[in-house]
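Hello,

Here is the model I promised to pass on to you.

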Amino acid sequence: MSNQEFNQKNDIQFITCSVCDGSGRASDDSVCKNCSGDGLMAFYQGRFYYYNLELSQPMIQLRHLRNSFHLVINLSAYVIGLIGIVGLAYWVYLTSLNTESLSAFAFWRSQSIFILLFWVSLIADMFIIYRLSEEEAAKQKIKKAKY
């Protein structure tokens, strides 16, 4: 590693609030007025960065566990949704083998285990849409600092 690369990597300056010692809380457990509760900030390449994530080993592991749990929930919902669509397609295939009119394809009037799978999978599909919209809404929120 050259000296220039070393200097570029160490160019970041971390700034710890002197009033709250980086905790973001004042002595009376209120938000620190000096740093607006951020505690730790960084200055890198002429830009000022701040974040409210706690950087301790248990908190990092907890975030990883939460992300893994969300991944399992999302994958389960996708699988259930896919099973329902496949169940409906299979029911259409079975119905098409011995039908004379299109009224036989009114699946909302039929009683079949494949139709039941489809209706249950609609709950998973709605959950997927909800989760995607919540994730998109969370990406748009940026906390504005008050100076």
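Let me start with Gly87, which sits in helix H2; helices (H or I, at least four residues) and strands (E, at least two) are DSSP runs, numbered from the N terminus. Gly87 counts as buried because its relative accessible area is 5%, where buried means under 20%, exposed over 50% and partly exposed in between, with a 1.4 Å probe and protein chains only. Between the C-alpha atoms of Gly87 and Leu116 there are 8.7 Å, although the two residues are 29 apart along the chain.

Before going on, a word on where this comes from. This is a predicted model, in which local features need pLDDT of at least 70 and side-chain atom pairs count only at pLDDT 80 or more, while totals for chains, interfaces and linings use all residues. Residues are numbered from 1 along each chain as its sequence is written, and side-chain values use heavy atoms, with hydrogens and water left out.

Gly81 also belongs to helix H2, and it is buried, at 3% relative accessibility. Its C-alpha is 9.0 Å from that of Leu117, a residue 36 places away in sequence. With neighbours within four places in sequence set aside, Gly81 is in contact (heavy atoms within 4.5 Å) with Ser121, Ala124 and Asp125.

Next, the second largest pocket, which holds about 180 Å³ of space. On a 1 Å grid over the protein atoms alone, a pocket is an open set of points where a 1.4 Å probe fits, with protein on both sides within 12 Å along at least five of seven lines, and lining residues have an atom within 4 Å of a point. Helices H2 (57–97) and H3 (113–139) each supply at least two lining residues, and H2 gives the largest share, 5 residues. The lining consists of Arg66, Asn67, His70, Leu71, Asn74, Arg131, Glu134 and Glu135, which divide into 1 nonpolar, 3 polar and 4 charged. Asn74, in helix H2, counts as buried at 17% relative accessibility. Beyond four places in sequence, Asn74 touches Arg131 and Glu135.

Finally, the chain as a whole. It has 3 helices and 3 strands, in the order α-β-β-β-α-α from the N terminus on. Of its 147 residues, 18% are buried. Among contacts with a separation of 6 or more, 48% are between residues 24 or more positions apart.

Best wishes

Key: Points joined across faces, edges and corners; volume = space filled by probe spheres on them. Nonpolar A, V, L, I, M, F, W, Y, C, P; charged D, E, K, R; others polar.
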